[in-house]
Amino acid sequence: MAAVLLITDRSVPVRDPRRFKNVLAVFPHADDETVHCGGTLARFAETGARVTLLLLTGGERGNAEGAIDPALKAVRGREAEQAAAILGVTRLIQEDFGDGQLGQQTEAVAPALSRRIAEVNPDLILTYDLAGFDGHEDHVACSQLLTELCRAKFAAAALWYVALPARLLRLLVLVGQVADDSRAPQRRATPTHRIFIGPACVPKIRAWAAYRSQRGNIGKGLGRFIPAGLPVSMLQFEYFADASPPPYPPPEGEGE
């Protein structure tokens, strides 16, 4: 209980997930969604919301060497299907842009992403912040593309970045789970609200376990020696930063 209180930032307001009925989570790699907001996706599903998960790459570089492994792509695809089913995801969409290459494929990724958003027509979109959480180039590119699209074409949808309170982030840096990148804090989002996941940590742990191929990659630093279920079970909340586009300006002559 003491550990739960220690890592919970009670200064961040709690929001009710029942407001949203059509949620789209967009991440580059299979497992990103579970690690960062799996409990929240499960909560949305529990409330009856339609939850769509869009993965932009096949994750073929998801090994210790970061080398292309076509067989791994198929494995991670199956793992994503298992995790999505556990979390209650309504629809899983798996694109196949090059793993580690999103930033170099923006001319192809942006229109494809735009089509998918228009197709799903979500009232809420979840993704990384502009720091990409840990600075991974695919994470950063995903956030940049999605943020630009939301501001230009999909301002009606709320946009939430996955985020962490400062005390929890410091702990993850301390154990080596997150790199201490001096550039990242300039772009890292500060949480504006949190979602209570409570019992939804159970499907999150189960979905995390489904990513068997990534066990050596999800846990980093000292985190490699700690069973994933232990820290996840202590996280009763998941944190987000509201990055929603500003509302449309009033017609000329109004609001004066």
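**Salt bridges and their surroundings**

Tutor: Asp16 and Arg18 form a salt bridge, with 2.7 Å between the closest N and O atoms. The term covers a side-chain nitrogen of Lys or Arg within 4 Å of a carboxyl oxygen of Asp or Glu. Before going on, note that the model is predicted: local features need pLDDT of at least 70, side-chain atom pairs count only at pLDDT 80 or more, and totals for chains, interfaces and linings use all residues. Residues are numbered from 1 along each chain as its sequence is written, and side-chain values use heavy atoms, with hydrogens and water left out.

Back to the first pair. Asp16 has a relative accessible area of 38%, so it counts as partly exposed. Arg18 has 54%, so it counts as exposed. The cut-offs are these: buried is under 20% relative accessible area, exposed is over 50%, and partly exposed lies in between (1.4 Å probe, protein chains only).

The structure holds nine salt bridges. Another of them joins the side chains of Arg15 and Asp242, at 3.2 Å from N to O. This pair links distant parts of the chain, 227 residues apart. Arg15 sits in the loop between helix H1 (2-7) and strand E1 (22-27), and Asp242 belongs to strand E7 (residues 237-242). Helices (H or I, at least four residues) and strands (E, at least two) are DSSP runs, numbered from the N terminus. Arg15 is partly exposed at 29% relative accessible area. Asp242 is partly exposed too, at 31%.

Now a buried pair. Asp31 and Arg76 form a salt bridge with their closest N and O atoms 3.1 Å apart. They also link distant parts of the chain, 45 residues apart: Asp31 is in the loop between E1 and helix H2 (32-46), Arg76 in helix H3 (residues 70-87). Both residues are buried.

Salt bridges also connect into a network here, made of Arg91, Glu95, Arg116 and Glu119. As a general point, side chains of opposite charge can pair when their charged atoms come close.

Six of the six residues of E1 are buried, so the strand is largely enclosed by the rest of the structure. Asn22, Leu24 and Val26 point one way; Val23, Ala25 and Phe27 point the other way. In a regular strand the side chains alternate between the two faces of the sheet.

E1 has parallel partners. Strand E2 (residues 50-57) pairs with E1 over six bridges, and two strands pair if DSSP finds at least two bridges between them. Val26 has Leu54 as its bridge partner in E2. Strand E4 (residues 124-127) pairs with E1 over three bridges, also in the parallel sense. There, Leu24 stands opposite Ile125. E1, H2 and E2 make a right-handed β-α-β unit: with the strands pointing away from the viewer, the path from the first strand over the helix to the second runs clockwise.

For scale, the chain has 10 helices and seven strands. Of its 256 residues, 50% are buried.
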